[in-house]
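Here are my notes on the charged pairs and one hairpin. Please read them beside the model.

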Amino acid sequence: MAGDSRILMDHNMEIGVTPAQVKKLPKHLREAQISTERTHLISDPPKKPRQRYVQKDGKCNVHHGNVQETYRYLSDLFTTLVDLRWRLSLFIFTLVYIVNWLFFGFLWWLIALIRGDLVHADEEGWTPCVENLNSFVSAFLFSIETETTIGYGYRVITEKCPEGIILLLVQAILGSIVNAMMVGCMFVKISQPKNRAETLMFSHNAVISVRDNKMCLMFRVGDLRNSHIVEASIRAKLIRSQQTKEGEFIPLNQTDINIGFDTGDDRLFLVSPLIISHEINERSPFWEMTLTQMEKEEFEIVVILEGMVEATGMTCQARSSYLDTEVLWGYRFTPVLSLEKGFYEVDYNNFHDIYETNTPTCSAKEFAAKLRDGPLLPQLSLLSPDPKTHSTFDALNRLSERDPLSPDVDKEERDSRADRGETNGSAAALEDPPLADGLPG
């Protein structure tokens, strides 16, 4: 009996009839649809996770392999020592001093051995090179005392040992050089402003929306410390592989993104969090990119903030990046600055927060062309941040999908709406003749 009902149900499904005995379940209780030969689930394949060029914490994800000319690292030994990891730096620091002390201790022991001080040290009337030096251990201790200028006063060089005097001079000079290099390396490594970059923040996402009737790419930066970054400046790079017209493939090509270099907006007074804006114009790599195209593109935006640390005067650089999946279309940043009694307060709980806003899905080129035609400018200042409300951008999206060679369609639509009594401010704005420059007065 159950088998007959199942056969009947399958037959009804094949002919497109919904069985009466099958009740429609709530949406959260329905079973997932299974694709069969008759039904196919159509969806865009998810993007594969991409490898970052620069990590979120600023570390460059690039490893140098097959370096044949390794001697170049030794030609800049100081930088090589500074760039080493801390555990390796401490190991080399300790090893250099121990080897240096052992080497000169061996030379002091060798002089005592050649002069016979080790054999005749207890004889009366014998003047050794170094008093109370009777073994290699005592020679090693004398080497440490000489180089570190401890001077316990028990082992002393005598004036009747010219070779000992020369060795003392050599050890003093070479010891000063070793001290200068090793202490200098440790000082530079300790005072490096890398940790200062930990208190420089970048927003988790970059956003694209309209600002002052222009499509803009924006991200936010902030400084957590009260000691500010002096002469702070910021720049951005677009990392994207491309192929030239001649067929040459350029992997990870770097393109400048103008974030105020020509106007001076890239020079920051970073006292409170700032929203960095890139105007998408004719010189922007995103000029002809629509929302649909951006979802298919693969790129990475690297942002670099640098300046001098106010406390030390050393140059500091902080880096971060945004993958194509981290650039959100149609969003703005939530304000974080508020006026309190006698001061301004920054709420870093909202630093990464964004909210959705009405933004056209067409490219910035198409958006600028529509604005030059003049029909939508009077309403751009009345946009609502509520994504559910309809705005002039919805009309702009519909206009961008129409055929530009068919201007009679707009006229027919306006006539039909006027006959129905549906003419509103938006339609009236569309009928107003554009100004001479295509911009409102």
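1. Glu 279 is partly exposed at 32% relative accessible area (partly exposed lies between buried, under 20%, and exposed, over 50%; 1.4 Å probe, protein chains only). The model is predicted: local features need pLDDT of at least 70, side-chain atom pairs count only at pLDDT 80 or more, and totals for chains, interfaces and linings use all residues. Numbering runs from 1 along each chain as its sequence is written, and side-chain values use heavy atoms, without hydrogens and water.

2. Glu 279 forms a salt bridge with Lys 214, with the closest N and O atoms 3.6 Å apart (a salt bridge is a Lys or Arg side-chain nitrogen within 4 Å of an Asp or Glu carboxyl oxygen). Lys 214 sits in strand S3 and Glu 279 in strand S7, 65 residues apart (strands are DSSP runs of E, at least two residues; helices are runs of H or I, at least four; both are numbered from the N terminus). Lys 214 is partly exposed, at 40%.

3. Asp 256 and Lys 237 meet in a salt bridge at 2.5 Å, N to O. Asp 256 lies in S5 and Lys 237 in S4, so the pair ties together parts 19 residues apart in sequence. Asp 256 is exposed, at 55%.

4. The salt bridge count is 13. One of them joins Glu 326 and Arg 52 at 2.3 Å, N to O. Both residues are buried.

5. Strands S8 and S9 pair in the antiparallel sense over 9 bridges (pairing needs at least two DSSP bridges). Leu 305 has Ala 318 in S9 as its bridge partner. In this hairpin, Gly 313 takes a positive phi near 80°.
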